[in-house]
Amino acid sequence: MANELFFDHETTEKDLESNQSSTFIFIIASLVGVLGIHRFLTGHILIGVMQLLTLGGLGIWTIIDVFAIATNNYEDSKGRLLKNYSKKAIGITIIVFAIISLTCSKSIAAFITKQLENMQEELSRLETPLDNVTIAKKNSRTHSLLKNDSQTAKQTQKQGDTLNLSGENIIKSKVGLHIINSEPCESAKGVRMVCGEVVNATKEYKNNVVIKIHLFNARKKFVAITEDKVYSIAPGETWRFKAPIYYGTVAGYKIVNITSN
């Protein structure tokens, strides 16, 4: 009789403990708790389905379950506490999760930043063809203007007049960009231009460089503005700019500004 009573007592103690490990259920609840998997594993089928359909009550229900497991207040469907509960094991698991989350968040942030930089670079590169199209349209209008211009305008299209185009640089350098020289020149199609060289004297890339030039007639009266731009100039690199002149009466120029992002 004593043996039978002892056997019954041992069975009762065993029944008070769930067959699921608290650390294992804690890990499952932390990782995929919004899917209710920890509820399925502990016999709460109906609650597991509800959590699956509501994504863990939009996460709130899952947080409550995770807290209950961490404090040893979570019971399975038979009202038994999870076995092998250990504050140390739970604490180590939390620390590991925190380290993994921090590492992943930094990696994700670096990846997103890199992708945004690549997108910005691609968008900037796409701007260059558009600028070329704009210049081509302006050149087309220039040829039309030159056809209808006066005889003086036609004469200024001659190479001799082009080479006599006078100019000066109001600025020699700005934002680490030095203007080495400037001179009148012509394109292969006979379009007059102001050409020159700009060197990047800094140790960093200069992006979206724009040089602006004022144009004047023979009486030194302001006529128009022309410009040229380049996407990027590497450290120590020299860029040769070519700013087209759209009016045949232009006899002089002044380089007034150079900007960079």
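## Val 32 and the end of helix 2

Val 32 is partly exposed, with a relative accessibility of 28%. In this predicted model, Val 32 lies in helix 2, which covers residues 22–32. Along the chain, Val 32 and Leu 55 are 23 residues apart, and their C-alpha atoms are separated by 9.6 Å.

## Helix 4

At Leu 52, helix 4 bends by about 80°. After helix 4 comes Gly 59, which has a positive phi, near 95°.

Three residues of helix 4 deserve mention for their burial: Gly 48, Gln 51 and Gly 56 are buried. Among the elements that cover the buried residues of helix 4 are helix 3 (37–41) and helix 5 (60–70). As background, an α-helix has 3.6 residues a turn, so residues three or four places apart point the same way.

## The disulfide

A disulfide is a covalent bond between the sulfur atoms of two cysteines. A search of the whole structure finds 1 disulfide. The partners are Cys 185 and Cys 195, whose sulfur atoms are 1.7 Å apart. This pair links distant parts of the chain, for Cys 185 belongs to strand 5 (residues 177–186) and Cys 195 to strand 6 (residues 192–200), 10 residues apart. The torsion about the S-S bond of Cys 185 and Cys 195 is about 40°, and the disulfide is therefore right-handed.

Both partners can also be described by their accessibility. Cys 185 has a relative accessible area of 15% and is therefore buried, given that buried means under 20%. Cys 195, at 1% relative accessibility, likewise counts as buried. Another cysteine, Cys 104, counts as partly exposed at 39% relative accessibility.

Side chains of opposite charge can pair when their charged atoms come close. The structure holds 6 salt bridges. One of them is formed by the side chains of Glu 183 and Arg 240, with an N to O distance of 3.3 Å. This pair links distant parts of the chain: Glu 183 is in strand 5 and Arg 240 is in strand 9 (residues 238–244), 57 residues apart.

Glu 183 counts as partly exposed, at 36% relative accessibility. Arg 240 is also partly exposed, with a relative accessible area of 37%.

A salt bridge joins the side chains of Glu 227 and Lys 212, at 2.7 Å from N to O. Here too the pair links distant parts of the chain, with Glu 227 in strand 8 (residues 222–233) and Lys 212 in strand 7 (residues 206–216), 15 residues apart. Glu 227 is partly exposed at 28% relative accessibility, and Lys 212 is partly exposed with a relative accessible area of 31%.

Glu 227 also meets the side chain of Lys 229 in a salt bridge, at 3.9 Å from N to O. Lys 229 has a relative accessible area of 39% and is partly exposed. Through salt bridges that share partners, Lys 212, Glu 227 and Lys 229 are joined into one network.

Terms used
Residues numbered from 1 in each chain as written. Predicted model: local features only at pLDDT ≥ 70, side-chain atom pairs only at ≥ 80, totals over all residues. Heavy atoms only, no water. Disulfide = S-S within 2.5 Å. Helix = DSSP H or I, 4+ residues; strand = E, 2+ residues; numbered from the N terminus. Buried < 20%, exposed > 50% of the residue type's maximum accessible area, 1.4 Å probe, protein only. Salt bridge = Lys/Arg side-chain N within 4 Å of Asp/Glu carboxyl O. Bend = angle between axes of the 7 residues up to and from the residue. Contact = heavy atoms within 4.5 Å.
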